[in-house]
Amino acid sequence: MAAPPKTIHTAPPMKPKSKSAKLRVGIIGLGMGRAHLESYQKHPRATVVAIADTNPATLAAVGEKYGVAARYTDAATMLAAEQLDVVSVATPNAYHKPLTIAALRAGCHVLCEKPMAMSAAEAREMLAAAKAARRRIMINFSYRFTPQSQALRAEVDKGILGDVYFARTVWLRRKGMPGFGGWFGQKALAGGGPLIDLGVHRIDLALWLMGYPKPRWVLASQYNHIAAPLARKEKKVFDVEDFAAALVKFENGATLEVEASWAGHIQQRELMETRLLGTKAGLVQHNTNGGYEFDATIFTERRGKEMDLKPAVPKKLMPSAQHHFVESILHNRPHMATGEEGLIVMQLLDAIYASAASGEPVRID
Ligand SMILES: NC(=O)c1ccc[n+]([C@@H]2O[C@H](COP(=O)([O-])OP(=O)(O)OC[C@H]3O[C@@H](n4cnc5c(N)ncnc54)[C@H](O)[C@@H]3O)[C@@H](O)[C@H]2O)c1
């Protein structure tokens, strides 16, 4: 395998802060944004001082529940008024780019939800804005922060796998579509279906464990045989795929197979699984009992004998992306899940959708 990845990092200048000063955090979008809020509040040196959501009822309910007094239906007004250090963007995907750029220009470091954007072109604009503002962008690839992911990564960093030549990464639901009529099923707001929604997490996890090799070729397919007829019956817009699959070839010769579905005739209600095959060992990380708990195993041989190993969970766990982001800013250290990695994922997603549409392989340069 390639050497473990260097964290690609947009270096920010740190505002001088006293040792006890708290970072002022704002959250935009209060669906998944509530999980961001809870995670920041657990860090002793972060405080969520303002929230924004276009839905006044959501804004009021979340503000009351978490005791956040500064509430805005317009994110731009919040950014102008609140002198924030950190902003989480957790809105529908179509707004990630404009809100992230607005927050960067207001001097904030941004933790943006996955997918980073609607396209690689948008992701590039976001990175340029971060560079110009000298602020950070982190992408909430939250599944890196499970104990099993961290345990595996620690083993991979020690070189246990040898050279990784193949990976398979899937997030498959038998029938787990978002409600029809919402933004998730609309290409103009979401950018795509389960691939950009669920697959994006598993793609990042596989790439992260593989050392973020450079993708070169993609051959992909997408289908919509189950969800589309159901949405038509309800007379709701659903113009994204319900299943996508892709084969990715990397510059270093490795291959990645990707599958993502909201609907498909499979055994499991919900299956998340990432496998890597290396010259010295292989690994698997998967969910257990169709839920959101995970298990991880490494498969290898010692003196010709097959061995299955449970990777040790590191003593110093990173509890969440929010905790990690705050720590990285406070201690002026590189953060994980950088905007540059988010861009590589967006390049892959663009190529997968383009290949699925054309029926031809797509080259990434
Ligand atoms: N990392 C994860 O595990 C994870 C999990 C779920 C969702 N997400 C991501 O989080 C984002 C939001 O998804 P969700 O499930 O919370 O959606 P949601 O529809 O439940 O919530 C989105 C919220 O954003 C608000 N909103 C919409 N436009 C806005 C704007 N311009 N300014 C401020 N608020 C606005 C809506 O009123 C709503 O309250 C998506 O990008 C999704 O992919 C990530």
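Between the two domains, 14 residues of domain 1 are in contact with 13 residues of domain 2, where contact means heavy atoms within 4.5 Å. The model is a predicted one, in which local features need pLDDT of at least 70 and side-chain atom pairs count only at pLDDT 80 or more, while totals for chains, interfaces and linings use all residues. Residues are numbered from 1 along each chain as its sequence is written, and side-chain values use heavy atoms, with hydrogens and water left out.

The assignment gives domain 1 (23-140 + 321-337) and domain 2 (144-317), with bounds that come from an automatic or database domain assignment. The C-alpha centres of domain 1 and domain 2 lie 26 Å apart. Because domain 1 and domain 2 both give residues to the shell around the ligand, the ligand lies between them.

Of the 21 residues around the ligand, those that come nearest are M32, D53, N93, H96 and W183, a residue being near if one of its heavy atoms lies within 4 Å of the molecule. The shell divides into eight nonpolar, ten polar and three charged residues; Ala, Val, Leu, Ile, Met, Phe, Trp, Tyr, Cys and Pro count as nonpolar, Asp, Glu, Lys and Arg as charged, and the others, Gly among them, as polar.

The table gives polar contacts, that is, pairs of N or O atoms within 3.5 Å.

| Residue | Atom of the residue | Distance to an oxygen atom of the ligand |
|---|---|---|
| M32 | backbone N or O | 2.6 Å |
| N93 | polar side-chain atom | 2.6 Å |
| H201 | polar side-chain atom | 3.3 Å |

The protein covers 79% of the 850 Å² of accessible area that the ligand has on its own, by the Shrake-Rupley method with a 1.4 Å probe.

How values were computed: A polar contact is a pair of N or O atoms within 3.5 Å; within protein, one must be able to donate a hydrogen and the other to accept it, and residues adjacent in sequence count only if both atoms are side-chain atoms.
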